[in-house]
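Please open the structure in a viewer and keep the selection tool at hand.

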Amino acid sequence: MKKIYLSRHAKNRMRKFAVKPDVVRKVLEKPDFLEPSIKGRKNFWRKVQDKYYRVTCLEEGNRIVVITVTPKERIPGRLKNEN
């Protein structure tokens, strides 16, 4: 796996929602769902314990830049239909 770089925004969100770095790594290594986002970014979704996590990132050369991390109580309806 490529090296993971956490943006300042991602670090702040992780601190705010008490998301540990190993959760972000799990989401990126084996997502349940993957969807395209704006500006060439990708949203990685995975359920860890009782929450879903969306990690938005951008691949830059030999690293993955994590833009933001968002915990969710449930998965969005548009992704439910894909499963």
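Begin with the loop between strand 3 and strand 4, where Gln49 is found. This is a predicted model. Although Gln49 is not a glycine, its phi is positive, at about 60°. Most residues other than glycine have a negative phi. With a relative accessible area of 75%, Gln49 is exposed.

Next, select the loop between helix 1 and helix 2, which holds Ala18. Ala18, also not a glycine, has a positive phi of about 55°. Is Ala18 buried or exposed? Its relative accessibility is 64%, so Ala18 counts as exposed.

The largest nonpolar core has 17 residues, and the members that touch the most others are Val19, Val24, Leu28, Val55, Val66 and Val69. At least two residues of this core come from each of strand 1 (3-6), helix 1 (8-17), helix 2 (21-29), strand 3 (42-48), strand 4 (51-60) and strand 5 (63-72). Helix 2 contributes the most, with four residues.

Select Leu28 and display its surroundings. Leaving aside residues up to four places away in sequence, Leu28 touches Met1, Ile4, Phe44, Val55, Cys57, Ile64 and Val66.

Then show Tyr5 together with Arg63. The charged end of Arg63 sits over the Tyr5 ring, 4.6 Å from the ring centre. A search for aromatic pairs gives zero in this structure.

Finally, colour the chain by pLDDT. The average is 91, and 92% of the residues score at least 70. Among the elements, helix 1 has the highest mean pLDDT (97), while helix 3 (residues 77-80) has the lowest (64).

Key:
Residues numbered from 1 in each chain as written. Predicted model: local features only at pLDDT ≥ 70, side-chain atom pairs only at ≥ 80, totals over all residues. Heavy atoms only, no water. Core = buried A, V, L, I, M, F, W, Y, C linked by side-chain atoms within 4.5 Å. Buried < 20%, exposed > 50% of the residue type's maximum accessible area, 1.4 Å probe, protein only. Contact = heavy atoms within 4.5 Å. Phe/Tyr/Trp six-rings, centres within 6.5 Å; stacked < 30°, edge-to-face > 60°. Lys NZ or Arg CZ within 6 Å of the ring centre and 35° of its normal. pLDDT = per-residue confidence, 0-100.
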